[in-house]
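Morning, everyone. I have one structure to show and a few minutes to show it. Here it is.

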Amino acid sequence: MGSSILLLASVVSALGGLVFGYELGIISGALLQLQAEFRLSCVQQEALVSSLLIGALLASIAGGRVIDRHGRRNSILLSNVLILSGSLVLLIGSYPALVAGRITVGFAMCISSMSCCIFVSEMVTPDRRGFLVTLYEAGITVGILAAYAMNYFLSDSKRGWKWMFGLAVAPTLIQLVSIWFLPAGSNRSLSPGEPRSTIENQEADEVQYNNAYLFQRKDNMRTRTVIGLGLVLFQQFTGQPNVLFYASTIFRSVGFRSNASAVLASVGLGLVKVFTTLTSMVLSDRVGRRPLLISGCSVMAMCLIAIGLLSGHSLTSAKTHCHSEDLEVNRTDLPHLAAGNQLVFDTPFDESQRPLRNNTQDDGVLVGQSDGPLASPPGAHGTVVNWIILLCMMAVVSAYSVGFGPSLYIINALKKV
């Protein structure tokens, strides 16, 4: 019975990660349609994207207290109800409803992420904890990939953004049903040959502590708290969430001409993230959390430095607008990037036919761009630089999935660092 409960708990945790990742990634492609349909300004787009994080921030303040008071299982149930409610609000079809729905979903996602990881970590022994807790991160990456895939398949659909947001209901309902078959408390499973008295003694030794205990020298809690908080803060400072939120927009700026090609490139990014996360799952218990975290951070740092140095010589340095007139769904297959401060299809006919403004490849990636009538085209050099930046972005995402991504959940879920 213990193994079946453990398996079901792992499934619930993976589903929680799946919903988390889907809600993170779905805005990437949905934003392209929402921008055109609601004619969103730059500030409105930024508010819509960041509203998810506002909800998560609110949950991070109150979530720990909710989980401690009502338990992990009930907290997961609460997150399910909130995600279902937020998804329905998103379908209303007004900008305030979109913001309110995203805040609700963000609150639920944060509660779910804390509950699922703690729930599983308390049910397994340390030798299996790395693999099972990393299942949550694997669920996140699969959810991101699924979101990008839905973005691509629905990119040509009228009001396809409603389907994009609404599809999150399916895995949420499955998790809601599954959680009912799990016990209210977290009963850690025994390792082969481990006596039951081991767990009973550990449970008898558990003591209730207040928040001040986290900052005391006793049991090295101050250092452990600083490490946990540092991991959370620096994970966000890496900018990884921004890459996920604006993946399609970033690929458009690199040179992918149409919405569909930019979203398809995002699918490739999701595939890379899934592959590296699965690799991390295999290595986390063998190599260790610390080596993976250090190596992942090192690769991220080098690639981000390379992107910073090269971006000044690529199309990513071009000034673009974020008004609805500049980016509309399925408007045309012509290059959408700006020539100077104008779109190619908005320039007069005689100017748009100049070689400097019509330097493209047949594979859907823009090669050259002119900053004015007298500017010289970047040519092949600009193309190489753009592809190097693209590869560096892939490497950053991969390194994050090996290091910061799973290590944060594993280390912070441990009772002892």
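I will start with the overall numbers, then go to ring pairs, a surface patch and salt bridges.

First, the ground rules. This is a predicted model; local features need pLDDT of at least 70, side-chain atom pairs count only at pLDDT 80 or more, and totals for chains, interfaces and linings use all residues. Residues are numbered from 1 along each chain as its sequence is written, and side-chain values use heavy atoms, with hydrogens and water left out.

Overall numbers. The chain has 16 helices and 2 strands. Those are DSSP runs, numbered from the N terminus: helices are H or I with at least four residues, strands are E with at least two. Of its 417 residues, 50% count as buried. Buried means under 20% relative accessible area, exposed means over 50%, and partly exposed is in between, with a 1.4 Å probe and protein chains only. Take contacts (heavy atoms within 4.5 Å). Among those with a separation of 6 or more, 77% join residues 24 or more positions apart.

Now the rings. How many aromatic pairs does a search of the whole structure find? There are 5. Rings of Phe, Tyr and Trp (its six-membered ring) pair if their centres lie within 6.5 Å; planes under 30 degrees apart are stacked, over 60 edge-to-face, the rest tilted. One of the pairs is W161 with F165, edge-to-face, 6.2 Å centre to centre, 70° between the planes. Both sit in helix α6 (residues 160-166), 4 residues apart, so about one helical turn separates them. W161 and F165 are both buried. Ring pairs also link F38 with W161 and F165 into a cluster.

F234 and F237 are edge-to-face too: 6.0 Å between centres, planes at 85°. They are 3 residues apart in helix α9 (residues 221-237). F234 and F237 are exposed.

Next, salt bridges: a side-chain nitrogen of Lys or Arg within 4 Å of a carboxyl oxygen of Asp or Glu. The whole structure has 2. In one, E37 meets R159 at 2.8 Å, N to O. That pair links distant parts of the chain: E37 is in helix α1 (residues 2-38), R159 in the loop between α5 and α6, 122 residues apart. E37 is partly exposed at 34% relative accessibility, and R159 is partly exposed at 35%.

D68 and R72 also meet in a salt bridge, at 3.8 Å, N to O. Here D68 is exposed at 63%, whereas R72 is buried at 18%.Last, the patch: Y152, F153 and L264 form a nonpolar one on the surface, about 310 Å² of accessible area together (Shrake-Rupley, 1.4 Å probe). Patch residues have over 30% relative accessible area and no salt bridge; like charges join within 9 Å, nonpolar side chains (Val, Leu, Ile, Met, Phe, Trp, Tyr) within 5 Å.
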